[in-house]
Amino acid sequence: MKIGITERGDASIDYSWVNKLDKVDGAIIITKNLTDKFIKTLLEQSKLHNLILHCTCTGWGNSVFEPNVPKARKQIDQLKKLIDLGFNPNNIVFRVDPIIPTEAGLHRVHDVLEYFLSLNLGISRIRISVYDEYKHVKERLIQNGFTPCYDGFYANKQQLESIIKTLKEFPLKYELCAENELYKLNPNLFEICGCVSLKELKLFNLKPDTNMVENLQNRHGCHCLACKTELLSNKCQCPHKCMYCYWR
């Protein structure tokens with residue numbers, strides 16, 4: 001069994017995933033930009049293949065941090081358009097990824113979730129992650145006149161607690177993959193759930209292999225099932241040029 005995923009780029013920019021769908025049993029398609037072209041493609045392919053959309057919206061769109069990503073409200077309005085055109089909301093995960101735990105970052109998260117909930121889209125799965133600060137990202141921040149957020153690579157306990165305080169303002173439970181420290185601080189608010197999990201297999205009407213294991217890639221804290229396979233081949237920043245991107 002293989003479940004494809006588009007983690008190495010944005011599926012609305014690199015459409016090479018379309019030609020690989022016949023080689024997987026289902027796929028998770030991730031984008032920060034629900035363009036009309038992407039919506040048309042997703043609707044067409046969903047008639048032929050098992051697909052789940054991860055709609056990512058951090059609130060930083062059209063800012064120096066995400067210069068070529070649409071503003072949050074445009075992204076969420078496009079998500080409504082997709083659902084109105086017939087895409088099943090049960091096959092959508094709304095993804096706030098990553099959260100930057102600063103005052104400005106948390107204000108944007110609040111605005112994103114508030115507007116998302118106001119549209120009553122019927123989407124029950126909300127997934128979040130916390131910004132990781134790579135050495136080259138710290139360098140980008142400094143070059144652009146910003147101060148790095150962390151002393152090291154990860155958010156500290158106080159920063160994680162500030163995220164929890166913001167998320168608790170909404171009647172939601174949030175899925176986490178590689179965010180075990182956040183889960184430990186408030187297990188009632190979060191659910192440990194890999195991006196590729198038994199939930200996806202159930203939606204696709206697939207039975208898990210008896211020897212199914214997690215985190216075959218041995219990524220720190222990851223809970224994705226070992227059947228995950230990448231559908232994009234990028235090894236560089238995509239045209240969105242997000243400042244926090246893990247690609248150099």
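## Close-up views of the predicted model

**Figure 1. Where helices H3 and H5 meet.** In H3, Leu106, Val109, His110 and Leu113 meet Ser162, Ile163, Thr166 and Leu167 of H5 (contact: heavy atoms within 4.5 Å). By class, the residues of this H3–H5 contact comprise five nonpolar, three polar and no charged (nonpolar: Ala, Val, Leu, Ile, Met, Phe, Trp, Tyr, Cys and Pro; charged: Asp, Glu, Lys and Arg; polar: the others, Gly among them). This is a predicted model, in which local features need pLDDT of at least 70 and side-chain atom pairs count only at pLDDT 80 or more, while totals for chains, interfaces and linings use all residues. Residues are numbered from 1 along each chain as its sequence is written, and side-chain values use heavy atoms, with hydrogens and water left out.

**Figure 2. The geometry of the H3–H5 packing.** Now to the axes: H3 spans residues 103-118 and H5 residues 157-167, and the two pack at an angle of about 25 degrees with their axes 10 Å apart (axes: lines fitted to C-alpha atoms, for helices over the stretch in contact; angles from 0 to 180 degrees between N-to-C directions). H3 is therefore roughly parallel to H5 (under 35 degrees; over 145 is roughly antiparallel, 65 to 115 roughly perpendicular, the rest oblique). Their crossing is right-handed (near helix turned clockwise from the far one by less than a right angle; anticlockwise is left-handed). Helices (H or I, at least four residues) and strands (E, at least two) are DSSP runs numbered from the N terminus.

**Figure 3. H2 alongside H3.** Here is another helix pair: the axes of H2 (residues 72-84) and H3 come within 10 Å and cross at roughly 25 degrees. H2 is therefore roughly parallel to H3, and this crossing is right-handed. From H2, Ala72, Arg73, Ile76, Asp77 and Leu79 make the contact, and H3 contributes Val112, Tyr115 and Phe116. The residues joining H2 to H3 divide into six nonpolar, no polar and two charged.

**Figure 4. Aromatic pairs around Trp17 and Phe38.** The structure holds ten aromatic pairs (rings of Phe, Tyr and Trp, its six-membered ring, with centres within 6.5 Å; planes under 30 degrees apart are stacked, over 60 edge-to-face, the rest tilted). For Trp17 and Phe38, the ring centres are 6.2 Å apart and the planes stand at 55 degrees, so this pair is tilted. The pair links distant parts of the chain, 21 residues apart: Trp17 sits in the loop between strands E1 (3-5) and E2 (26-31), and Phe38 in H1 (residues 36-46). Trp17 and Phe38 are both buried (under 20% relative accessible area with a 1.4 Å probe, protein chains only; exposed is over 50%, partly exposed in between). Trp60 and Phe65 form a tilted pair too, at 4.7 Å centre to centre and 50 degrees between the planes; both of these residues are buried. Look also for the cluster that ring pairs build from Tyr15, Trp17 and Phe38.

Figure 5. In H4, His136, Val137, Lys138, Arg140 and Leu141 are buried. Just after H4, Gly145 takes a positive phi of about 85 degrees. Ala155 lies in the loop between H4 (135-143) and H5, and counts as buried because its relative accessibility is 14%. Leaving aside residues up to four places away in sequence, Ala155 touches Pro101, Val130, Tyr150 and Leu160.
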